[in-house]
Amino acid sequence: MNKNWNNKGLTASEVKERLAKYGENTIQQEAKKSFLRYLWDALKDITILILIVAAGLSGYVAYQNHPDDLTEPLVIVGIVILNIYLSIRQQKKAEKSMDELKSFNVPESKVYREGRLVSIKSTDIVPDDLLQLELGDRVPADALLLSATNFLVDESFLTGESEPSEKDVAYVPSESDSIGDMKNRIFSGSMVVSGRATAVVETTGMATEIGKISGMLTEAAPTLAPLQIRMQKLGKSLGLLAILAGVLAILIGFVRGYAIETTLMTAISMAVAAIPEVLPVVVTISLSFGIRNMAKRNTIVRTPTAVETIGNVSIICSDKTGTITENKMSIEKIYPADKNLSEKELLLYFYLASNITGDEGNIGNPTELAIKKAAEQLFDQQKLQQHLTKFQRVHEIPFDSKRKRMTVIYQTEDGYLSVTKGAFDRLAIVEDKTELMNIHDDLASQAYRVLGVAYKKYEQLPEDLNAAAIEEQLSFGGFIGIIDPARKESYHAVEVAKKAGIRPIMITGDHLLTAQKIAADVGILEPGTKAMTGADLSKLSDEQLSQEIHEYRVFARTTPEDKIRIVKALQQNGETVAMTGDGVNDAPALKAADVGISMGSGTEVAKEASDMVLLDDNFATIVDAVKEGRRVYSNIRKSLYAMLGCNISALTIVLISMIVGWGAPVTAIQLLIIKVVADGIPGLSLCVEPAAKDIMLEKPIKKGTSIFANGLLKKIIEISVVFTVLTLAAIYVGHSVALQNTAPSLLISNTMTFIVLGLTTIIHMYNCRSSRSIFTIGFLTNKLLLTTTIAGTVIILLLVNLQSTARVFGFTNLTMSHWLLVLGLSIAPLIYIETKKRLGKF
């Protein structure tokens, strides 16, 4: 970097040269996916590929035999297009939500250019620019301090420390310094909370500390969500089943001497039977509905699959500052050492020894803001002002990093009063410090930042007003203990998380003692569990960390690299990890975690790395997200139960019919109609099923657990057998039994098969809703399901009874006896499952 800077700043030509060399002072964002990329990702799904092949074969057969009727291949193509459209639409919608979060005005900064102090856009800042910073300014780039007066900077977003960093131009850095130790440097994104300074810019854009962390994010390989892994395994299994079924159909057709067209159409039917075409739509809609519900509860979801993943997290790695705590310093201990002083009077002395004007708002030195807030709470506002009118400030000795104290002298009604506030070991008091130091150390051991105040009274204003003379022989007033307290809602959120089988872990850049105090207060650090620092962590190998990490609940003074190691070690133990945070230092771990959860008021880098954004910055909101995620996953399993029961039975029915010589009992298009009208659309209605009352008392589902776990596969096989037996009975009657003087035929058999498959699938939806009886939970508790099942039933009946549709889809009229048999067979699964529920065996 060019070091030829001076107090006049850069010239226009120098700025132009540096802009060309270093670029704008911005953080690069990840490139958005193009439509073709979304399309390519969707086409990688094996079930989609099989349906495309089926559509091609169906189109070929249709063109060879009836080129004027391409209904069947067009319907299959329509299903494929619908799945792809919904998948792309949902991802684009999530991106749009994030774009709305990222919209903000670019701040401006003050720099010296060609001898003048000017205000420019922060994006135009270049290395060697001279910055002027004061209270309330946000640092626009990484810079080296040239001069500073009482200069404190809030770097909590980068370091995790609650206390602002006190800067010192004379500080000599060492190689082992962390960001929080670099007292002579300031970093992009930090906030000035006290004093003023001049600094020379060293790095901008991606070369800053924020930029480096952002670069780490792009290096991390994206991981698949548990739902994606489960659905990929399911898709591959069903795809393989469809291929095997198609090959088997061709072999059977060849052995039994079926025509090639008939064999191909049967193979297509079996492939269609094996694949739940509407399942991707159901999953997408389930996630979409979950996203909408979470948005109502102040959670914006960037990654749709995170809706399900959050429901099954087993670990929540939470940042401390601003996530579990308020990120606002508060006085929790007031200890008068002078028996003549009350708590109010002691706090008034601390107030007097501060630079408080009364109009700071929420900007300023956090310690002095805490003193102001505590004083306003102890005193009535009017009485506080009345007390302050008795003191007229006449002199101030400012705080500096060497003395670690500040002094203010006031004129009072009976003379003069000097009040000195600072670190206890820097106060020159007349009392014996031994006992007082024990009190100080006891407060410090409880993670409080401890300050003392001392005073001295004068009859006349001293002639010598320098620090050496004024800050000696003081009378000690007492201590205050300051801490960044836990949010009230954090206590309940941690309790609920633990009841749900979730282990909370605190990972912070703050000091170990402070982290232990807060973690113990909210219930994260329990007896028998441990805490460690980043320095201790660095001594462990990845293998050692993986073996021992289950013993720890708190990690303090961590770096971004430490956080990633912790997350990965937990993942290696089979845990599903959520990471919450709001700072730039949290971003790499947010991206490495299974679910990254950032705060709405956090940095843009953190939001970009996260899967979810909590708009209200409320840690407790995550509990609602977990509950919603569990509801979504539960409902996807219900839809799977409903759909695969139909699919497996249809596959078995076609296979058995071909073997016994009945031919294909249903065509591919008839199967698609059933799976859309009777299976798919009503199955979508299961997405809105409310969560079970005890859902937050269940344990998280571990990674690698099959989506068919906990007896689901057994239920699917069981109901498939029931469907198969009932439908084969309909096929046999239609194919071989004369009713009401109507001779059996293939058309009657196909019609009865279509109706029984369709109606049993529709009625089975009510079996899937709950483990309790449908007559207990009621038909009206899911009005959408009631509406779609009625609509599906009407459509099936119309397709069969209207001459125009019956002719197109291959149906015929049935006698009353056929209809009574069909209806009896269709309602049998409901009776069977209800009986099992009553017996407690479902």
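Author: Domain bounds here come from an automatic or database domain assignment. That assignment gives domain 1 (12–25 + 123–218), domain 2 (299–325 + 487–617), domain 3 (332–483) and domain 4 (630–839). The model is predicted: local features need pLDDT of at least 70, and side-chain atom pairs count only at pLDDT 80 or more, while totals for chains, interfaces and linings use all residues. Residues are numbered from 1 along each chain as its sequence is written, and side-chain values use heavy atoms, with hydrogens and water left out.

Now the sheet. Helices (H or I, at least four residues) and strands (E, at least two) are DSSP runs, numbered from the N terminus. Two strands pair if DSSP finds at least two bridges between them. The sheet is open and has 6 strands, in the order E10-E15-E14-E13-E12-E11. Their pairing is antiparallel. Neighbouring strands are turned by 20° against each other on average, direction ignored. For such angles, axes are lines fitted to C-alpha atoms, for helices over the stretch in contact; angles run from 0 to 180 degrees between N-to-C directions.

E11 pairs with strand E12 (residues 405–412) over 6 bridges, in the antiparallel sense. Take Arg 393: its bridge partner in E12 is Tyr 410.

A helix joins the picture. Helix H12 (residues 366–378) packs on the sheet. Contact means heavy atoms within 4.5 Å. H12 touches E10, E12, strand E13 (415–422), strand E14 (449–458) and strand E15 (475–483). The direction of H12 makes about 70° with that of E10.

Next, zoom in on one residue of the sheet. Val 450 sits in strand E14. Buried means under 20% relative accessible area, exposed over 50%, and partly exposed in between (1.4 Å probe, protein chains only). Val 450 has a relative accessible area of 10%, so this residue counts as buried. Leaving aside neighbours within four places in sequence, Val 450 is in contact with His 440, Leu 443, Ala 444, Phe 479 and Ile 480.

Now step back from the sheet. From Val 450 to Thr 652 there are 202 residues in sequence and 76 Å in space, C-alpha to C-alpha. The centres of domain 3 and domain 4, taken over C-alpha atoms, are 78 Å apart.

What about the cores? A nonpolar core is a set of buried Ala, Val, Leu, Ile, Met, Phe, Trp, Tyr and Cys residues joined through side-chain atoms within 4.5 Å. The largest one has 149 residues, and Ile 310 and Phe 754 touch the most other members. Helix H23 (residues 621–660) gives the largest share, 18 residues. Apart from this core lies another, of 33 residues, including Cys 317 and Ile 566.

Arg 503 lies in strand E16 (residues 503–507). Arg 503 is buried as well, with a relative accessible area of 18%. With neighbours within four places in sequence left aside, the contacts of Arg 503 include Ser 314, His 550, Arg 553 and Glu 575.
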